Amino acid sequence: MHTLVIYDITDDNIRNRVSQICKAFGLSRVQKSAFLGILSSGERKELISMLKRTLSDSDGNIQIYVICRPDMALRVELGKPYKEEEGGDVLVV
């Protein structure tokens, strides 16, 4: 199933670690704070466990959505597709 991970984390170190974890699971960045990809149930459980440990008691927020194929087929993308820049773990504000 498709897995969407979105997050709002102000701590640079934690945010960069979350990004690295998502990439390690093969998820692709679709927005600055959003990753999408296909994971098995077991992989998703492992991802959730790692992200939970990484977030710990910080003030951040991570949301993980499971999206079925029919719902993904209804996806609409407007504007230019997100393209990660060199050094993509750095958030430019």
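What share of the contacts in the protein chain between residues at least 6 apart in sequence join residues at least 24 apart? Taking a contact as heavy atoms within 4.5 Å, the share is 71%.

Before the views, a word on the model. It is a predicted model, in which local features need pLDDT of at least 70 and side-chain atom pairs count only at pLDDT 80 or more, while totals for chains, interfaces and linings use all residues. Residues are numbered from 1 along each chain as its sequence is written, and side-chain values use heavy atoms, with hydrogens and water left out.

**View 1. The protein chain has three helices and four strands.** Starting at the N terminus, their order is β-α-β-β-α-β-α. Helices (H or I, at least four residues) and strands (E, at least two) are DSSP runs, numbered from the N terminus. The C-alpha trace spans about 35 × 30 × 20 Å along its principal axes. For 93 residues a compact globule would have a radius of gyration near 12 Å, and the 13 Å of the protein chain agrees; the radius is taken over C-alpha atoms, and the globule rule is 2.2 Å times the number of residues to the power 0.38.

**View 2. Tyr 7 and Phe 35 form the one aromatic pair.** Rings of Phe, Tyr and Trp (its six-membered ring) pair if their centres lie within 6.5 Å; planes under 30 degrees apart count as stacked, over 60 as edge-to-face and the rest as tilted. Here the ring centres are 6.4 Å apart and the planes meet at 15 degrees, so the pair is stacked. Tyr 7 belongs to strand S1 (residues 2–8) and Phe 35 to strand S3 (residues 34–38), so the pair links distant parts of the chain, 28 residues apart. Both residues are buried, a label for under 20% relative accessible area, with exposed over 50% and partly exposed in between (1.4 Å probe, protein chains only). Of the 93 residues in the protein chain, 31% count as buried.

**View 3. Ser 41 is found in helix H2 (residues 41–55).** Its relative accessibility is 42%, so Ser 41 counts as partly exposed. Look across to Met 1 as well: the two C-alpha atoms are separated by 7.9 Å, though the residues are 40 apart along the chain.

**View 4. Ser 56 lies in the loop between H2 and strand S4 (61–67).** Its phi is near 45 degrees, a positive value in a residue other than glycine. With 53% relative accessibility, Ser 56 counts as exposed.
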